[in-house]
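Hi,

Here is the structure I said I would pass on. Have a look at it first, and then read my notes below.

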Amino acid sequence: MDESARLDQENIAIEEIEHTADWAIRIRGKDLKTLFQNAALGMLHFIQASSHRGKTRSKLVDLRAIDNETLMVTWLEELLFNMETHEVNYTDIEVREVENCRLRAIVQETPLASIKKEIKAVTFHDLKIQATDDGYITTIVFDV
Amino acid sequence: MIRKQDFRRLNPVTWEIPQSFRQDMRVPVRIFASEKILEATLGDRSIEQAVNVATLPGLVSHVVVMPDVHQGYGFPIGGVAATKLPDGVISPGGIGYDINCGVRVLSSEITVDEAEPWLDDLASALYAHCPSGVGVKGSVRLTAKALDKVLRQGSEWAERNGFATFEDVLRTEEQGRLADADPSCVSDRAKQRGRPQLGTLGAGNHFIEVDIIEEIFHAEAARAMGLYAGNLAVQIHCGSRGFGHQVCSDYVRELQNAVQRYNIRLPDRELVCAPLDSPEGKRYFAAMACAANYAFANRQVLTHHARMAFEEVLAGKVGNWDLSLVYDIAHNMGKIEIHRIDGEEVTVCVHRKGATRAFGPGFEELPEEYRDLGQPVIIPGSMGTGSWVLLGTEASMNLAFGSSCHGAGRTMSRKQAKRSVRGEQLLTKLESQGIHIRAGSMPGLAEEAPQAYKDVDKVVDVVCEAGIAKKVARLKPLVVIKG
C-alpha cells in the first residue's frame, strides 16, 4: 500500500505535537501491534523518503528488549539504521506480533532514492506506553 | 509547572531555583537570563528539565542553565552539570546524540571589498566542496582500520593525512584529541555509519558561513586571533554525524539496565546514567571520546575542503586567500576537569549540552597566544543575524564550571517556524540583504529562520553581564551553506 494513503487512514492515530527544538509525535493504537506500526508510519511520514524503481524485498524483523518502551526505541532505530546504511525505503510495514517485549514484523524494502528529513535518534524522553480505554497511547520525541 | 515566583533573583541576570523546590533535587538550578529571557523560557519545559537534571547522583554545586536555553530531551539544551569522580554519574543523554557538535571560526586577510564580486562563486564552491544534506557521503573513504585511527587520534589523524596544519591542531579544544578513546567500546553499527560520513556537514542547524567581521570590542584579543574589522571569517558548525548518534543511542539503551543495577531513581528515562567508575560508565566515556575525536576530524576535513573552495575562487584575485583557524570548540561533550568547589579542588565530569567550555586566562592547554587572554568562545547566531567571538573569564570558572552559552537558542518549534515562514520567501529576503544562500531543502531553511531563534545579541549581553564571557568581535553573515 502507498505510504501516504496508509497515513491518511491512520491520521487520527498519529499527531504531531509542538517541541521547541526537536520533533515529537503522539501515537495511538487499538493494540500494541497497531501502536508500534503507527509509530513506524509516523516516523516514515516525517522522513519523507522516496524509492528508486527496483526489486521489493520482503524481510522479517524480529526484536527483543527489556520492556515495551525500549522495544519501541529499538524498533524505530532498526528502521532508521537500515535506511541509512543499507539504503532502503519501506513501502509497507506490518507488525505481526508484540508480545512479552518481542516484536515481529514483515517489512517491504525497496532501494532508497532520497530522504528529505534527518532523524538523528529516537529518544526515551517522557516515553511511556500507556493503556487507555481505547487501546494504547504514547509520545515519542525524536532528536532532529 | 514552574513559575517566575519559584526563582530567587541573585543579581539582575542570575536566578536560582533552590534545592528545596523539589524533594528529589540534590543541588539548586541557576539560570543566567534577563527578566525577559527568563519569562520566555518558562514557555517551554526547559527549566523543568533542568530541575530533573538536578536529581542526578554525585552532582556538585549547582546545575547551570545558559540564556540560550531551550527544551531538549532529558537535559535542556544550554545545560551544564558537574558530577564528582569517582562515583558521580555520567549520562549519555546529558551530552546528547550529536556528540562533540561544535563550531570553529577561521580568520582571513581577505577584505570584504576585494571578495564582494566573488561571494556568489564562493557560495557555489563551498556548496560543491563540502558535502551537505541528509544521507550524504564524504569524499574520504575509510577502511575499518583507518576509522579506528580517526577515533583514537581525531585532529592528529587529519594532520597526518594532509587535512590539517600543526597550527590547526594546537588551536582546537583538547588539541582535537580526547585521550581516553577506545574503539573497542564502539558498536559495529556506529562504525558502519561513521565510515562513509567523514567530511560531511549533515543537515538541521549545521552550516558553513562566510562572515564579515563587523565590529571589534577587544582589540588585543582580536589581534591575537587574527580578526580585523572588514575582513572575512568562516564558521563551520557540525558534529560527529551518524557515528555519534549511534554511540549515544547504543548507550542510552544499554544504560536502561544499569540504572536498576545501581539503584538510581530518575524522573526521565532519557537521563539514564551510570557511575563514572563503573564498567558501563567507563565504556560509555571511552566510546564518547571516540565520537568526539571523529567530530574534531570531521570539522577539520571540512576545513580542508573550505580552503580548497577559497583557493579555487579567490587565487589570483586577492592577495592571500588562506584561512587560519582561530579556535574550535565543542558544545556537546562530557569532560573530566578539575574545578574549585567550596574552596577545594575537585575532579568532576562536566556535562555540557548545548554549552561551550569557556576557560579563563592562565589555562595551560590554551595555545600560547591565548593563554594570558582566555579561551576563545564562538557563539553562532541565527542565519540572518550575527555571530560572536567571546573570551572565557576567570569568573566563569566559579559561576559556570568554566562554561558559556553556545548560540542564540530556539524560541519557536520547527513546525511553528514552517507555519510562519516559507523557505522560498526567506531565501529571497536574505538574498535581498546581500546574503548568498545555498540550501538543500526549502522547508529545512524555513525551520532555521531567524525569527525561530532568540536575539543572539541579547543572549551574549547576558553572559557578558554575568561575567562568564567578554566580547571580542561581532560577525555578520555574507554566505550561508546549509544541508
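Chain B has 17 helices and 19 strands in its secondary structure, where helices (H or I, at least four residues) and strands (E, at least two) are DSSP runs numbered from the N terminus. Its radius of gyration is 21 Å, close to the 23 Å from the globule rule for 483 residues, so chain B is as compact as a globular protein of that length. (That radius is taken over C-alpha atoms, and the rule is 2.2 Å times the number of residues to the power 0.38.) Along the principal axes, the C-alpha atoms of chain B fill a box of roughly 65 × 50 × 45 Å.

Before the details, some housekeeping: this is a predicted model, so local features need pLDDT of at least 70 and side-chain atom pairs count only at pLDDT 80 or more, while totals for chains, interfaces and linings use all residues. Residues are numbered from 1 along each chain as its sequence is written, and chains are lettered from A and ligands numbered from 1 in the order in which they are written. Chain B has a mean pLDDT (the predictor's confidence in each residue, from 0 to 100) of 95, with 100% of its residues at 70 or more. For the complex, the predictor gives an ipTM of 0.88 and a pTM of 0.95.

Now the inside. Of the 483 residues in chain B, 62% are buried; buried is 20 or more other C-beta atoms within 10 Å of the residue's own, exposed is 12 or fewer, and partly exposed is in between, with C-beta atoms placed from the backbone. The largest nonpolar core has 215 residues, and Leu126(B) and Val247(B) have the most contacts inside it. A nonpolar core here is a set of buried Ala, Val, Leu, Ile, Met, Phe, Trp, Tyr and Cys residues joined through C-beta atoms within 7 Å. Helix α11(B), residues 279-314, gives the most to this core, with 19 residues. Beyond its neighbours within four places in sequence, Leu126(B) is in contact (C-beta atoms, placed from the backbone, within 7 Å) with Ile208(B), Ala306(B), Ala309(B), Val479(B) and Ile481(B).

Strand β5(B), residues 75-84, is worth a look too: nine of its 10 residues are buried. It pairs antiparallel with β4(B) over four bridges, pairing being at least two DSSP bridges between strands. Val65(B) has Gly79(B) as its bridge partner in β5(B). One residue sits between the strands of this hairpin, and Gly74(B) takes a positive phi near 70° there. Strand β5(B) also runs antiparallel to β13(B), residues 344-353, joined by six bridges; Cys349(B) in β13(B) is the partner of Thr83(B).

Leu59(B) lies in the loop between α2(B) and β4(B). Why is Leu59(B) buried? Because 21 other C-beta atoms lie within 10 Å of Leu59(B). Leaving out residues up to four places away, Leu59(B) touches residues including Ala81(B), Ala82(B) and Thr83(B).

Finally, the interface: 34 residues from chain B meet 29 residues from chain A. On the chain B side, β4, α8, α10 and α14 each supply at least two residues, and α10(B) has the largest share, eight residues.

Best wishes

Notes
Contact = placed C-beta atoms within 7 Å.
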